[in-house]
Amino acid sequence: YWINGTRFGLESAIDADVGPNSLQSYQLSYSEHFSLMAEYKAEGKNAPELVLEKPLDREQQSSHLLIFTAVEGGDPVQTGTTQIRVKVTDANDNPPVFSQDVYKVSLRENSPPGTFVLKVKATDQDEGISAEITYSFKTLRGIGNMFVLDHQSGEIKSNDPIDFEISSSYTISIEAKDGGGMTGECKIILDIVDENDNAPEVVFTSVSSSITEDAEPGTVIALFKTHDKDLGENGEVTCLIKEKVPFRIESSANNYYKLVTDGSPQLQ
Ligand SMILES: [Ca+2]
Ligand SMILES: [Ca+2]
Ligand SMILES: [Ca+2]
Ligand SMILES: [Ca+2]
């Protein structure tokens with residue numbers, strides 16, 4: 001991996017002739033990356049140099065083949081050629097890249113610890129240690145020890161039972177780091193799927209302990225509300241009276257109910 005303008009010397013061609021038959025010039029096959037610099041020095045020895053003109057990228061082309069020609073004056077013109085293979089060694093110039101910037105997954109509430117959540121995957125275009133990836137949580141804020149991540153494989157599993165009623169979704173940031181310290185990042189948006197694991201609650205806000213026998217039908221005896229922590233259908237509550245009594249439930253707004261007289265109270 002050479003930076004632009006780097007030069008490196010080539011062994012001078014050796015020509016036994018002297019005078020007009022001695023070495024005249026050098027040529028290099030066309031390359032957008034390399035050019036030839038040959039200085040004719042006073043001592044008659046010249047040391048051609050290969051000059052890097054354009055940055056090399058091993059990930060694009062890992063080796064370059066150049067044909068180097070030495071041309072000798074005289075009649076006929078004599079030439080000698082040699083091949084130069086330039087091998088581009090790797091530099092760690094690529095960070096790990098995840099297969100997705102954002103992964104969306106869901107996990108059922110109350111899944112047992114050890115339940116598979118997701119396997120993230122990052123790749124790195126470099127080679128060797130510069131492409132060896134380890135995974136870690138970018139931050140544990142908000143997730144604590146709820147999940148475990150295999151640093152080598154990128155596999156994520158649950159570690160604690162997940163309670164939808166505590167949090168219905170998690171955003172988890174994962175970092176991939178190569179052996180040279182370059183990093184990439186992705187996000188996991190984990191939605192928790194509700195399970196019906198809460199019984200409805202009934203809370204009375206007012207109750208009359210007694211009622212006169214001539215109370216009008218529709219007299220309110222009690223006010224109460226119902227509540228269920230579960231989501232959607234799992235949290236829908238219906239109220240009914242099991243016994244055969246002269247009362248009925250009237251629904252008012254939003255889970256609020258009235259217990260009212262349904263006719264003349266019957267004395268037992
Ligand atoms: Ca590289
Ligand atoms: Ca890399
Ligand atoms: Ca729960
Ligand atoms: Ca639930």
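## Surface patch

Patches are made of residues with over 30% relative accessible area and no salt bridge, with like charges joined within 9 Å and nonpolar side chains (Val, Leu, Ile, Met, Phe, Trp, Tyr) within 5 Å. In this predicted model, local features need pLDDT of at least 70 and side-chain atom pairs count only at pLDDT 80 or more, while totals for chains, interfaces and linings use all residues. Residues are numbered from 1 along each chain as its sequence is written, ligands are numbered from 1 in the order in which they are written, and side-chain values use heavy atoms, without hydrogens and water.

One such nonpolar patch on the surface consists of Val202, Phe204 and Val207, which together have about 300 Å² of accessible area (Shrake-Rupley method, 1.4 Å probe, with only the protein chains shown as cover for residues). Val202 lies in strand β16, residues 201-207 (strands are DSSP runs of E, at least two residues, numbered from the N terminus).

## Contacts of Val120

Val120 touches residues including Phe98, Tyr103, Tyr135, Ile174 and Ile188, residues up to four places away in sequence not being counted (contact means heavy atoms within 4.5 Å).

## Burial

Glu109 is buried at a relative accessible area of 1%, whereas Glu195 is partly exposed at 28% and Val202 is partly exposed at 48% (buried means under 20%, exposed over 50%, partly exposed in between, with a 1.4 Å probe and protein chains only).

Definitions and conventions
Salt bridge = Lys/Arg side-chain N within 4 Å of Asp/Glu carboxyl O. Helix = DSSP H or I, 4+ residues; strand = E, 2+ residues; numbered from the N terminus.
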